[in-house]
Amino acid sequence: MPALPLIIDSDTGSDDAVALLLATASGLGDIRAVTTVAGNVPVETGTRNALISLETAGRTDIPVHPGCARPMTRTLSSAQHVHGQDGMGDIGLPDPSASCKSTHAVEVLLSHPRENPGELTLVTLAPLTNIAAALLRDPDLFTRYRHVYCMAGAADLRGNISATGEFNVWADPEAAKIVTQAATPDKVTWIGWDVSRKDAVMTPADQRHLEDIGTPMATFAHRINRTVADWARDVTGLAGYDLPDPVAMAVALKPDLITEQEQTYVDISVADETRGQMIIDRRVSAPAPNLTLVRRVDEAGFKKLLFDTVSTLAPPAPAAAL
């Protein structure tokens, strides 16, 4: 199978970085551009982290385009308490050799599918600010993509930033609401934190295996998730840290990993008390479904893809694109 042409929107922290490794080094993805947005970290930091991640995979040629520096109507609330001040575990990573591009992320999200209609898959790993901004300019944007996969929400209403809110949706619920209003289930699939919590937890044994692989990508993936492991232990109570962005990326690259999904109507709460909560209407009288929700994936298949990918040696980095 030819590699899947991708646009990736990211607020690159430690789990986004692993997702970028999957897309670049698995042989399954053909990244045409990475766009960045404020979320886990400020947009400037996330852009730096995206460049570092791509360089780790030997792909300094992939263009990175910074986007929105704050949510649509709210002040930025980052997840640096989870991912570290630098978003990558505060392990002192050196600056990347490549630089970001000057074209704004929203312009990239709009122009690429117009130039290549029906060819590109969009994968979002971040608050949906860039995507909503693009939709406000082109309400038919999703029809121009082959498919859109979003790491967003918690379909079982168990949150990781609030009682019922998943961080990406909670960080900019107004943007998420715009996305759900523009979505159709044949075009837009959400993979929520509920999937990650159930099927993408790196147990202590998985973490040791990742460390023991010993390749540059495996060592990178292990070290940058140091602070996430501490947070997962102290806050979410998981038996290890989970990888929401990598499992969403894995679904985009290998949809056959999905073992359970549903099509249903989803709205997003913007009220303070339930900020970012998914409002899922499964009644017979509900509005027509607007999203496909992935509910479970093949955990063993996901981890095999991850371990196989980081076990490879990244090729020498080509010269950065002009």
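**Exercise 1. How much space lies in the largest pocket?**

Before we start: this is a predicted model, where local features need pLDDT of at least 70, side-chain atom pairs count only at pLDDT 80 or more, and totals for chains, interfaces and linings use all residues. Residues are numbered from 1 along each chain as its sequence is written, and side-chain values use heavy atoms, with hydrogens and water left out.

Step 1. On a 1 Å grid over the protein atoms alone, a pocket is an open set of points with protein on both sides within 12 Å along at least five of seven lines, while a cavity is a set where a 1.4 Å probe fits but cannot get out; lining residues have an atom within 4 Å of a point.

Step 2. The largest pocket holds about 310 Å³, a volume being the space filled by probe spheres set on the points.

Step 3. Its lining has 15 residues, with Met 1, Pro 2, Leu 4, Arg 146 and Leu 253 nearest the centre.

**Exercise 2. Describe the largest cavity.**

Step 1. The whole structure contains two cavities of 30 Å³ or more, and the largest has a volume of about 260 Å³.

Step 2. It is lined by 22 residues, and Asp 15, Asn 40, His 83, Asn 160 and Pro 244 are the closest to its centre.

Step 3. Helix α1 (14-25) gives the most to this lining, three residues; helices here are DSSP runs (H or I, at least four residues).

**Exercise 3. Which residue lies over the face of Trp 170?**

Step 1. For Arg, the rule asks for CZ within 6 Å of the ring centre and within 35 degrees of the ring normal.

Step 2. Arg 275 lies over that face, at 3.7 Å from the ring centre.

Notes. Helices (H or I, at least four residues) and strands (E, at least two) are DSSP runs, numbered from the N terminus.
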